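This note sets out points for a colleague who is meeting the structure for the first time. Please read each point with the sequence and the model at hand.

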Amino acid sequence: MGPSGSGKSTFLHCAAGLDRPTSGEVWLGETELSGLSENRLTRLRRERVGFVFQAYNLLSALTVQDNITMPLRLSGTPVDQEWAEHVVERVGLAERLHHRPAELSGGQQQRAAIARALITRPELVLADEPTGALDSRSGAQVLSLLQESAENLGRTVLMVTHDPVAASYAQNVLFLADGELVDAIEAPTPAVVSERMSGIGGR
Amino acid sequence: MLEIARKTLRARRSASVGTFIALMCATALITASGVLAESGLRSSVDPHRYAGADAVVGGEQTLRLPGGDFTVSERLPEPVRLPADLVGELENLDEVDTAAGDHHLSLAVAAPEGQDPLPVSGHGWDTAPLAPFAPQEGTAPERAGEVALTTGLAEDLGVGPGETVQLVSGAVPEEYRVSGTVTHQNAGDSRGGSVFLHPEEADRLAQEPDAYDAIGIVAAPGVEADELTRAVESAAEQTPVTVHTGDAVNRIEFSEVDEARGLLLMISGSFGGLAVLISLFVVAGTLALSVNARRRELAVLRAIGSTPGQILRMLGAEALLLSLTAGLLGCLPGVLVARAMHAAFERLGVLPPDLPLVIGPLPMVIAVLLITLTSLIAGVAVALRPAWSNPAEAMRESNSPASEPPARWRGVAGMVCVVLAASAAMTPVALRNDLGAAGASSAALLLVIAVALLGPVLLRPLVELLVRPLRRIRVSGFLAAESAGADLRRLGAVLTPLVLAVGFTLSMVHTQSVLAGAVSAQVERGIEADAVVTDTGSGGAGPGVVEDLAALPQTSAVTPLQETRVVVPRSVFGDPELASFSAWGVESEGLRENLDPGLVEGDLGELTGATVAMERSGARLIGADVGEEIDIRLGDGTPTTVRLVATYDRGLGLSEAMLPREALGEHTGPPARILLSADEEAAPEELEAALGSFTERYPTLQLTDKDEFADGARAEADLAAWVNLIGLAVILGYIAIAVVNSLVMSTAARSREFALLRMIGATRRQVLSAQRWEACVIIVLAILLGTVVAALPLAVLSLVFLGSPVPAGSPLVYLAVVALTALLGFCSVVLPARSALRTPPTEGIGAVD
């Protein structure tokens, strides 16, 4: 977490190999990212990292099903039917697989995006304000889904957010300000997070 | 609102560039056709021989019908002369100081050995004061056998006073003594040389001795031009006259200038019409594309509380600003395009080199107004849907391809275009000449518009069929297939200019080649003569020459061809109209030995007296059956009644009407070509030898054969084709710009989609390869539709004109069109995609569009 301009998104992009840090190193598991070529990075991203953005996440020309399986298609991996069904069921979109994104609500779109992020069984799921454009009920669904993927499916979920309630779904919260880690709490509650945030905002 | 519009345009500079270019080029195109039209109306060369005249009176050279509006007019091909008595009447007017009747004699003067005779214009010496000309060396011609030459001409010929020159009139050469050389008192030598004869000699050589081509007038001192014009018109009473004063006298002095201006008007009419139509079409399409790309932004504006009226006004203001600036900047290139076309026409020899372009502000003003108005209307029309949408829905729709069904009016309008196209495609059946052939191109254009209107409905099944094999290619093919099929409206907008380019080029080029093919085929089959004698430069072969040729023992049938036109007044739904036909005056005796026009009905043997034979579609057009009487106007406007005795097939290579010589009388000049066939007892070589020695005696006569006759017809058809192709090339250049524009705009608008693909793990190569496949889908569709659009009307045309549905013309044209379309389309998609992929995806995903 952190105020606007504190470097949250840049941090996320560096972690995914989308941006290169000017100094320092980025390690994803056993792999050091800064030395990799653009193609290696792309391959790594689609095999080991899943992405969820704030909004406008899906390719409008494709159906929900094609959107979800796109990363597999890109890497040429066959679809693991069992896993796919599992993921789709988890996000609650089994009935909507043949619709286009425009026919879904914002929450449904975001859940489809999460399904897409999970379809490759990535080690790391990156989420950039995934609830920013959603109402609180859809937001809660999306956050539970992310929480579940961490706890039940064994993924690491790294989420950037403004929202103390969203942050409270996490196990650890790190605070960023002016590009530096300034604080951390474990097992956060919304109240504690808001308090720390206002402290950082006032500095 | 203008302020917001200005800021929006500035902020969206890169996106506005495409629209801007389309608008600018459209203005340039319309300006160019306007400049040509204005030049056709007003361009002039300095008067020379009439430079000293205050007014020049000529006959009414334009045929009009009582009750017809100004469009019902026809320029008469033969000179309309004035009665000789009029000179005396005019001379008696108080306002007139001198009046001189002038013959425009087409003469040739034999050049020193080895060179072709020079065509010159001959006049009576009594017209010299109109320039004025005065003797420089020697004297004026004082006797019938004397001639005065302009100094330039005398130098070219290397003759001086006292020597003799040979003047050829009606192919007959005669010796004249040079009495002197004359020079213009105010200006130097100008267009070609002139020769001055004794007035009586000029009368003798004139086709109609007691009629003048023009009457030049020097006004009494202090008489104004208006006053003079009124006095002359009232003195002429019953005779319709046109009075030219000031610089306008060049119109009657140089008939070829008048013809060239007519040609310019005709070119600017056909080219300008197409240019206006196509540029408006492209501008509307481009604006639709640019508004389409901004649906998201417009939805946001709706969501934050803009009223539909405000959005319309904002887009209207943008269109206004953009089109005004683009229009102003497009004027100058427009003038350059007009100059380039003018230069090209000059090189082809269809325009005299000294006829300048008239560049006035009017065409530019019209072009800017037209473009501004179109873009306002088109901009507002395409904005209607986003402006009136429910903001919440708008936000959602904006994120996705429009999914609602296309408006019903598009379907209806599209079908109307198809029906119109079908009837346009059938015009060659009804009218088997170059006008009818133009129906094929109109049909192709209408079909393109139908494709644009029917868009999604038409494209869905085609795209489905085409992308099926693509889906097998796992990543890129699949992506291309899905995105081509997902937004058919965008696909339609992108395709239209490409279909236009392919369809338009194919139909224009092949229409010309079908026409040229039909002309040469018909000439080859229609001319049976063994030899052709042609006169160049002396105004046609006189009757004596024709008789002498007929008297040769080696010839049997001799058919002089007097080339002219006849005009038939007819009524179309109660309105008077004029139908103009090319016509040959022929000698009916022996006609069938020399010509085989492909008789359909009637008997060519009856072609004597007041009769006519016509090409069958022409006869059908005026509703005449064989045996019926027709009221026609001859080449100089004289009304006469003739009986239709036959209809025939080969109107394109021969002429659309044939009349016996006696029906044309004095109303048509002497024949420039004479067809001859060999006597039964004479071998072809004997005929050739006899004609060879005959033409030796006549400097302007040349012996040619049937092949050269066909070559001449082909060359004429080719020239007409080139004139059309120059206009076509300019329009095609414009369409190419539109193609690139629309593809670049639509690809560049997808940078966000590319970024998203990159984020979820697509390599740059995968995205690019998907774009390549999509470009291929677009290109194949464009070539397919363009070919169909051109081929259907061309098949009809070709079936009617050549008897086979496969149009004439080199297959290389098709290959070149396909290759160029593919190259242009491919580069316009792949290059902008490549550049969009250069933006890091983290930035691309944040981009608004």
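At what angle do helix α25 (residues 764–802) and helix α26 (residues 811–838) of chain B pack, and how far apart are their axes? The first point gives the answer, after a word on conventions. This is a predicted model, in which local features need pLDDT of at least 70 and side-chain atom pairs count only at pLDDT 80 or more, while totals for chains, interfaces and linings use all residues. Residues are numbered from 1 along each chain as its sequence is written, chains are lettered from A and ligands numbered from 1 in the order in which they are written, and side-chain values use heavy atoms, with hydrogens and water left out.

1. Helices α25 and α26 of chain B pack at an angle of about 150 degrees, and their axes are 9 Å apart. That makes α25(B) roughly antiparallel to α26(B) (angles under 35 degrees count as roughly parallel, over 145 as roughly antiparallel, 65 to 115 as roughly perpendicular and the rest as oblique). Axes are lines fitted to C-alpha atoms, for helices over the stretch in contact, and the angles run from 0 to 180 degrees between N-to-C directions. Helices (H or I, at least four residues) and strands (E, at least two) are DSSP runs, numbered from the N terminus.

2. By class, the contact of α25(B) with α26(B) has 14 nonpolar, 4 polar and 3 charged residues. Ala, Val, Leu, Ile, Met, Phe, Trp, Tyr, Cys and Pro count as nonpolar, Asp, Glu, Lys and Arg as charged, and the others, Gly among them, as polar.

3. In chain A, helix α4 (residues 81–91) and helix α5 (residues 106–118) also pack at about 150 degrees, with axes 9 Å apart. The two helices α4(A) and α5(A) are therefore roughly antiparallel to each other, and their crossing is right-handed. A:Trp83, A:Val87 and A:Val91 of α4(A) make the contact with A:Arg111, A:Ala115 and A:Leu118 of α5(A). By class, 5 of these residues are nonpolar, none is polar and 1 is charged.

4. Chain B as a whole has 27 helices and 25 strands, and its C-alpha atoms fill a box of roughly 100 × 70 × 55 Å along the principal axes. Of its 849 residues, 54% count as buried (under 20% relative accessible area; exposed is over 50% and partly exposed is in between, with a 1.4 Å probe and protein chains only). Among contacts in chain B with a separation of 6 or more, 81% join residues 24 or more positions apart.

5. B:Val350 is found between α10 (308–348) and α11 (361–388) and counts as buried at 19% relative accessibility. Not counting residues up to four places away in sequence, B:Val350 touches B:Ala260, B:Leu263, B:Phe345, B:Leu719 and B:Val723. B:Ala672 lies between α21 (661–664) and β24 (673–678) and is partly exposed, with a relative accessible area of 29%. Leaving aside neighbours within four places, B:Ala672 is in contact with B:Val533, B:Thr534, B:Asp535, B:Gly540 and B:Leu561.

6. Most residues other than glycine have a negative phi, and most peptide bonds are trans. A cis peptide bond joins B:Ala131 and B:Pro132, with omega about -10 degrees; B:Pro132 lies in the loop between β7 (118–124) and β8 (133–138) of chain B. B:Ala171 has a positive phi near 75 degrees and is buried, with a relative accessible area of 0%. A:Arg121, with a positive phi near 50 degrees, is partly exposed at 39%.

Definitions and conventions: A crossing is left-handed if the near helix is turned anticlockwise from the far one by less than a right angle, and right-handed if clockwise. Contact means heavy atoms within 4.5 Å.
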